[in-house]
Amino acid sequence: MSSTPGRTRSGADSDLAGRGGMLTAMVLAVLGYQINATMLSPALPDVIERLGTTTAAAGLSQTLFFLMAAIGQVTLARLSDRRGRKPMMILCAIVLIVGDLLCVLAPNIEVFIAGRILQGVSAAMFTLAFLSLNQLLSPADFGKAAGIITAVNGGLAGVDAIAGGQIADTIGFRGIFVCSALIAVAGLIGVRRYVPDVPPTTTEGRFDSRGIAALSLGLTGVLVGLAQGAAWGWASPLTLGFLLGGVAALAFFVVSQKSATDPVIDIEVLASRRAWPLLITTICTLGGAFGAIALTIPLFAQDTEVGLGLSAVTAAVLFLTPIQLIGVISAPLTGRLGPKFGWRTIVVTGAVANFVIFVFATLFLHNEWILVATLAALGVTYGGFMLTGLNGLAVTTAPEDKPGSLSGLNGACFGIGASLGIALASAMITAGSDAHGVTGAGYRNAMFVALALLAVGVVTALLIQRPDPAEQAGSGKGEDEPRLVLSHH
């Protein structure tokens, strides 16, 4: 009799240690990708200078980075339904390491862009982590773990933004990718050792490679056309070719999904109000907030002519670190609130608050301290409520027979939104330039575009279908009931 409690306690301790190791491995794996976004933002002027390129080309590298994140997430999430989550996570880590090495060794912007494309594909690590956690943990534990993973989505508590600025001011941008590669290697080792092999959810059908190709070409055409339109000329054959070709490819993609045996995107799921308003909200939230945070504000803050004239480190400390630091705290807290109040409520609240905050940021762009305060508030509304809420809602409302469908789509929309925001911000800044460089109007117009996207996000968030209590009750999953037993291989 006395030995039973000991065995139970030992089993519980072992299970807790296993979950801790798994979560730590996932945090390292997603962090290796994420710092390529957060650490590089304050270093963009250094990239432009050292590679002898232009703002438009640097913006294109960011656009393609997040575009490939979109394509990678929707592709690898669907592949993981049939091949398993863990093998796809390992693939992501390897692709990220190769991309990091290309950027470290890049002699010009072309090689640098190639490295950024590979790094972007590895963004699927986030969606794969969420899908794995949702299969392995109870709803309550999933909410907590999702909050921790989402916190990493904003960076490493602001330390990475400061480090990125410091590296840019001293040894140059290449050091950022050395850091990313080291973390990615640690993440790869951790995933191989601590993440369980979750069984595939389907083995039927044939993977839709034709649809993936059409989606990739379509998104690339539209977003590159938007990003480079101001530099090439909006009426130029090159711009029109990219835009019209992209639209045609996307139209073909939609048509092809209706006849595909195993479509990349389930049109039936997409047409539901549980899906399309959520996806548009994600695109507009990332397009508005991230486009400003990752491109417009870092460039404006370091502009010595019409901006604030700050160093890369100072700009990172004032405008990037507070968002990330507060986000690290608010995201796990939001993860606890989601199962209690509903993920939809979290998303709607965050969307409205984001819009109000950006109104102040746009009106007081030249007031350094008001700008600092407003961006810090985004740590709660954007880094906490929106990033955690959007991920939680996508995972928990997906059809049970296709768990990767909605979360993969939503993960893709994170990349689409980020690349769209970067593309539009870059286009507005470039269009607002004259013979002497970027003008104040260029930065202001970029902020107005961000504000417009966030306004659309508020409307679509309100249109998201409320979860059906009967459907949730019928799932058979209790608040504390785990979905699968952890087994490490």
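User: Is Arg50 buried or exposed, or partly exposed?

Analyst: This is a predicted model, in which local features need pLDDT of at least 70, side-chain atom pairs count only at pLDDT 80 or more, and totals for chains, interfaces and linings use all residues. Residues are numbered from 1 along each chain as its sequence is written, and side-chain values use heavy atoms, leaving out hydrogens and water. Buried means under 20% relative accessible area, exposed over 50%, and partly exposed in between (1.4 Å probe, protein chains only). Arg50 is partly exposed, at 44%.

User: Which side chain does Arg50 meet in a salt bridge?

Analyst: Side chains of opposite charge can pair when their charged atoms come close. A salt bridge is a side-chain nitrogen of Lys or Arg within 4 Å of a carboxyl oxygen of Asp or Glu. Here Arg50 meets Asp46, at 2.8 Å from N to O, and the structure holds one salt bridge. Asp46 is buried, with a relative accessible area of 10%.

User: Why are Arg50 and Asp46 separated by about one helical turn?

Analyst: Helices are DSSP runs (H or I, at least four residues), numbered from the N terminus. The two residues lie four apart in helix H2 (residues 44–50), which means a separation of about one helical turn.

User: Which residues of H5 are buried?

Analyst: Ile109, Phe112, Ile113, Gly115, Arg116, Gln119 and Gly120 are buried in H5. Seen down the axis of H5, these buried residues fall within an arc of 160° and so line one face of the helix; the arc is that of the directions from the helix axis to the C-beta atoms.
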